[in-house]
Amino acid sequence: MSTPSSTLPGIVAPATPSPALRIVPARHPLQLAGTVVALALILFGLQSVLGNPRWGWGTFAEWFFARPVLEGLARTLWLTALGTALGFGLGTVLALARVSGSPLLAAVSWGYVWLFRSIPLLVLLLLLNNLGYLYSTIALGVPFTSITLFSYPTTQLIGVFTAAVLGLTLNQAAFSAEVIRGGILSVDHGQYEASAALGLPRGRQIRRIILPQAMRSILPAAFNDVIGLAKSTSVVYVLALPELFYTVQVIYRRNLEVVPLLMVATVWYLVILTVLSLAQHRIERRFARGQLQRERTVSKLPPRAPAAGSAARAGSRPSIAPVLQGNGATVSLQGVGKVFGDQAVLEDVHLEVSAGSVTVLIGPSGAGKSTLLRLINHLERADQGFVTVGGQLVGYRREGDTLYELPEGEIRRRRADVGMVFQGFNLFPHLTALENIVEAPIAVRGLTRAHAEQQACDLLERIGLADKAHAYPRELSGGQQQRIAIARALALQPKVLLFDEPTSALDPELVAEVLSVIEELARSGTTLVIVTHELGFARRVADHVVMMDQGRVVEQGPPEVVFDRPRQPRTAEFLAKTL
Ligand SMILES: Nc1ncnc2c1ncn2[C@@H]1O[C@H](COP(=O)(O)OP(=O)(O)OP(=O)(O)O)[C@@H](O)[C@H]1O
């Protein structure tokens with residue numbers, strides 16, 4: 001019988017089994033010393049608090065649940081709740097005013113925040129409590145006329161409680177406006193563009209896409225503010241309003257047990273803040289969807305396709321092209337011009353794209369290709385000329401020689417016929433692949449969730465990502481994300497599909513998997529307009545190539561002409577440098 005050491009030549013047989021080795025972790029003497037000191041401090045603290053009879057824990061226990069204290073606590077909670085709700089309500093309005101395009105609204109919002117952040121809360125509360133001295137009545141009427149709609153004595157309208165709520169609200173709104181504005185600004189611009197390009201209604205864009213992402217940066221600061229507010233309610237004692245702190249003051253002035261009663265208030269504040277901190281933790285987790293590390297979710301979809309990528313390569317998945325049902329539309333640009341500041345980005349562009357064709361825009365960086373593409377779905381407004389899709393004006397209604405800009409709802413409805421795939425994917429990071437795809441069909445096309453999900457599953461299978469339905473974007477490779485973005489655009493069955501450098505954010509290895517999906521879509525019947533620097537792909541896929549430079553169309557024609565026999569020296573020069 002052969003021993004393990006006498007096996008095949010060239011293979012080193014394992015020696016005798018190594019003995020089990022004892023592992024001794026490295027020592028951290030400083031950490032140990034710190035732990036000992038911390039423990040000692042905790043013990044000293046406990047002994048001094050529990051062992052010192054002057055803390056008066058008996059009196060503390062006697063008053064902790066006393067009726068006046070609980071009534072004061074209820075008032076504190078009520079003030080906190082009202083200050084939070086009204087303060088954040090007003091703060092949201094102020095934040096929206098600040099980021100709105102209106103200079104007047106932005107200035108008013110800025111002025112409010114400047115004023116109310118500067119005035120100490122104590123001063124504000126006292127001013128509001130003395131409003132009756134300044135204005136004996138509060139009236140509402142038409143300015144510069146004698147018409148009065150409403151008039152009431154100030155002291156009756158603004159009592160102590162109302163003054164406290166008003167003061168806390170006005171103060172809170174100034175701080176929360178900045179917190180909310182910070183949250184709004186923290187959401188990537190691409191998210192606004194992607195939700196607009198999908199034609200999502202404004203309210204849904206904010207509720208489903210923007211707010212959940214803004215909340216991630218709003219929440220920590222907002223909870224800081226709410227905790228600050230809960231403690232600031234103690235300031236209203238200056239109005240002799242019997243909230244928690246004022247109540248314990250009244251009691252200890254009578255029985256002279258100052259410390260035990262201050263501890264009653266302190267422990268109740270600790271309870272309130274602990275509850276708020278727990279709530280913060282739970283709510284933050286809820287809004288961190290798609291950001292947290294998590295166990296890989298196993299798709300609940302039927303295992304109809306093999307693993308991602310392998311299916312795409314093997315060509316065993318059903319083609320994606322039939323999804324589009326061949327309903328392409330023409331695109332026409334007539335004398336289109338676009339100016340940013342004093343820079344003319346597009347000048348007198350004329351372009352005719354026939355229905356179902358593939359048009360590829362090429363040209364050097366800054367030529368205006370992306371701007372042209374964005375004019376087709378009205379993400380940018382043309383300053384001159386106009387764009388039509390399927391013979392219908394984009395963004396405007398024409399009467400004689402005048403173009404009237406359409407209401408936003410109408411622009412959105414028409415936009416749903418023009419899908420767009422962005423360079424940076426712009427997937428919604430807090431939604432899974434499946435949720436990204438079904439969002440617009442449900443909101444814009446009115447599909448039921450079940451129908452939209454069925455359609456999304458079909459699309460996922462066709463792009464070879466059936467097993468990624470429940471993955472969040474950050475759990476996918478760049479190429480997979482871009483394929484999901486393509487599926488999301490396709491789910492609306494657009495008549496025109498715009499691709500803005502769909503592969504330029506991808507590693508070279510991932511480019512092919514995205515280009516193969518686009519190639520399948522070519523000649524599916526839908527009109528494709530593609531901006532790309534992938535000239536080999538352009539030559540393969542295009543019916544029509546448009547060379548742009550400095551905001552103008554330099555040359556256009558079939559690929560074999562533009563690529564092989566360019567008529568313009570600028571085209572030849574660009575191709576020589578690029579190919
Ligand atoms: N929102 C904007 N504000 C100001 N200038 C802009 C804006 N968008 C684009 N531009 C400018 O317009 C010009 C054309 O930009 P565009 O993105 O259309 O070029 P492009 O041909 O797509 O370039 P690239 O291939 O590098 O993406 C550039 O000079 C750019 O700086």
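Start at the ligand. By class, its shell holds three nonpolar, six polar and one charged residues. Ala, Val, Leu, Ile, Met, Phe, Trp, Tyr, Cys and Pro count as nonpolar, Asp, Glu, Lys and Arg as charged, and the others, Gly among them, as polar. This is a predicted model: local features need pLDDT of at least 70, side-chain atom pairs count only at pLDDT 80 or more, and totals for chains, interfaces and linings use all residues. Residues are numbered from 1 along each chain as its sequence is written.

Select the shell itself: Phe340, Val345, Gly363, Ser365, Gly366, Ala367, Gly368, Lys369, Ser370 and Thr371. A residue is near a molecule if its C-beta atom, placed from the backbone, lies within 6 Å of it. Now colour helix H14, residues 369–376; with three residues, H14 gives the most to this shell. Helices (H or I, at least four residues) and strands (E, at least two) are DSSP runs, numbered from the N terminus.

Next, the four-stranded sheet. Its order is S4-S3-S6-S7, open, with antiparallel pairing. Two strands pair if DSSP finds at least two bridges between them. S4 and strand S7 (392–393) are the edges, each with a single partner strand, so one side of each has no neighbour in the sheet.

Zoom in on S3 (residues 331–340). Seven bridges join S3 to S4 (residues 343–353), and the two run antiparallel. Pick Val336: its bridge partner in S4 is Val349. The hairpin of S3 and S4 has two residues between the strands, and there Gly341 takes a positive phi near 60°.

Turn to the other pairing of S3. Five bridges link S3 and strand S6 (residues 384–389) in the antiparallel sense. Val331 stands opposite Val389 in S6. Ser332 has Thr388 of S6 as its bridge partner.

Now select the six-stranded sheet. The open order is S10-S11-S12-S5-S13-S14, with mixed pairing. Strand S10 (418–421) and strand S14 (552–557) are the edge strands, and each pairs on one side only. From one strand to the next, the twist averages 20°. Angles run from 0 to 180 degrees between N-to-C directions, and axes are lines fitted to C-alpha atoms, for helices over the stretch in contact.

Met420 stands opposite Leu498 in S11.

Go to Gly525. Gly525 lies in the loop between helix H19 (508–521) and strand S12 (527–531). Is Gly525 buried, exposed or partly exposed? With 15 C-beta neighbours inside 10 Å, Gly525 counts as partly exposed. The cut-offs: buried means 20 or more other C-beta atoms within 10 Å of the residue's own, exposed 12 or fewer, and partly exposed in between, with C-beta atoms placed from the backbone.

Finish with a helix pair. The axes of H3 (residues 67–99) and H8 (residues 160–186) come within 6 Å and cross at roughly 45°. That makes H3 oblique to H8. Angles under 35 degrees count as roughly parallel, over 145 as roughly antiparallel, 65 to 115 as roughly perpendicular and the rest as oblique. The contact of H3 with H8 has 15 nonpolar, eight polar and two charged residues.
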